[in-house]
Amino acid sequence: PVLLGCGSAQPGGCPALCECSEPAKTVKCVNRNLTAVPPDLPPYVRSLFITGNPLTDLPAGAFPAQRLPDLASLNLSGNHLRAVAAGALALPSLRQLDLSGNALVSFSPQAFGEGSSPLEELALRGALRDHGVLLSLAALLQSGTLRNLSRLELADNGLLLLPAGMFTALPALRQLDLSNNSLVGLRNVSFQGLGQLQSLNLSDNSLGMLWNSTLAQFRSLPALRHIALGHNTWVCDCAIEDLVAWLKESDQVEGKEALTCASPDKMLGKALLKINGSDLNCSVPIDLPSQLQTSYVFLGIVLALIGAIFLLVLYLNRKGIKKWMHNIRDACRDHMEGYHYRYEINADPRLTNLSSNSDV
C-alpha cells in the first residue's frame, strides 16, 4: 500500500507504481496503467519489465543511455505500443528485447541508433501485423545493426511472404522462429550466410511445397540440426518428390514421421515418408514421338483449312480478279509501246531532228 500510494520516486530510487529490487537489479512496472516510460528508473537496473500498460509510443530517448548503462533485458510485451521512434532503444548493454503482443504500426530502422547494437535476442510475437512494420524490420535487419542477434522470434504474425534477403546480415543467428504464420512459400527467402543457425521453426504455416533451391540451402547450413515442419498444408503431387527424398535422407527434421498430405483428396492424410512414385503417378502418359506425330497432324489440318479458305476467296472474286489482271495487262502494254516509240526516235537521225524542230 505504501508503494502504490507514492506519487514520486522512492528513497531507494524506485519509480512510483513500480516494484524494484536492487540486489536483483530488477524493476517491474506490470499492469500499472502507465502511459509513458517512468523517467526516474534507477541506474542500477539490468532487467526491466514494463508490461500490460496502455503505453503507446516509445520516443527517442525513452531509455536514456547515460542513465541506464547496464540495462540488458527489456520486456515491453503486452502493451499498446504503436510507434517506436529512432533512437528509442539505443542502449549500450541491451541484450534481450521483447516487444510481443503490441500492435506496431511504425518501427524506425534506426530504433537502436546509428551504430551496431549488442542485442542478442529479439521477440516480436504478434507484433508485425502491419506490412509496413515488416518492411521496416527487414530494412533494420539488412542494415547490419543487429549483427549480434542470435535469437529472432517472428511467430503469430499472419505473415504470407517474407521480404527477399531479410536474414542475409545476421551471421550470429542461431534460432529463428517463424511458426504459426500463413507462409505459403520460401522461394524468395535466402538462408545463405546463416552459418550459425541451429533451429528453424516453420510449423503451423500454409506451406504446400519446399522447392529444391530451399532444400539445397538447408543442406548447406552446417549447424542446422532442428527444423520443425509440422501442421503445414503439403500438396502431394509430382512436385513433392524432391521434398520426400530429402525427408527420407535428412536427420534435420523433427517429427518427420507425422508429416502428412493435405491435398489432393486421394492423398489426404498419407504420411510423406510413405509416398512413392506409383502414388504420385508422375509418368508421362504419351511418349515424345507420339506427341510430335499428333502435332504434325494438327498442323497439316490447319494449313489445309487455310488453303481451302484462300481458294474459296479467289473463286468468289474471280470476275474482279480477271478484270484486275486485264487492267494490269493493258497498262503494261501501253508502257512498253511508249518505250518502243522513244527507241525508234532515238535510233533514226531524221526523226531525231524532226523531233527537235518540233520541240523548238
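The model is predicted, so local features need pLDDT of at least 70 and side-chain atom pairs count only at pLDDT 80 or more, while totals for chains, interfaces and linings use all residues. Residues are numbered from 1 along each chain as its sequence is written, and side-chain values use heavy atoms, with hydrogens and water left out.

Overall, the protein has 8 helices and 16 strands (DSSP runs numbered from the N terminus: H or I of at least four residues for helices, E of at least two for strands). Of its 360 residues, 37% count as buried (under 20% relative accessible area; exposed is over 50%, partly exposed in between, with a 1.4 Å probe and protein chains only). Contacts here are heavy atoms within 4.5 Å; among those between residues at least 6 apart in sequence, 58% join residues at least 24 apart.

Strand 1 (residues 19–21) pairs antiparallel with strand 2 (residues 26–30) over 3 bridges, where pairing takes at least two DSSP bridges between two strands. Ser21 stands opposite Thr26 in this pair. The hairpin has 4 residues between the strands, and Lys25 takes a positive phi near 55° there. Strand 2 also pairs with strand 3 (residues 47–51), this time in the parallel sense over 5 bridges, with Lys28 opposite Phe49.

A separate topic is the open sheet of 3 strands, in the order 4-6-8 with parallel pairing. Strand 4 (57–58) and strand 8 (106–107) each have a single partner strand, so one side of each is left without a neighbour in the sheet. Strand 4 is joined to strand 6 (residues 83–84) by 2 bridges, and Asp57 stands opposite Ala83.

Finally, the unreviewed UniProt entry marks residues 296–316 as "transmembrane region". In the model this stretch is 100% helix and 0% strand, with end C-alpha atoms 31 Å apart. Leu299, in helix 6 (residues 288–316), is partly exposed, with a relative accessible area of 45%.

Key:
UniProt positions renumbered as here; feature names shortened; annotations may be inferred.
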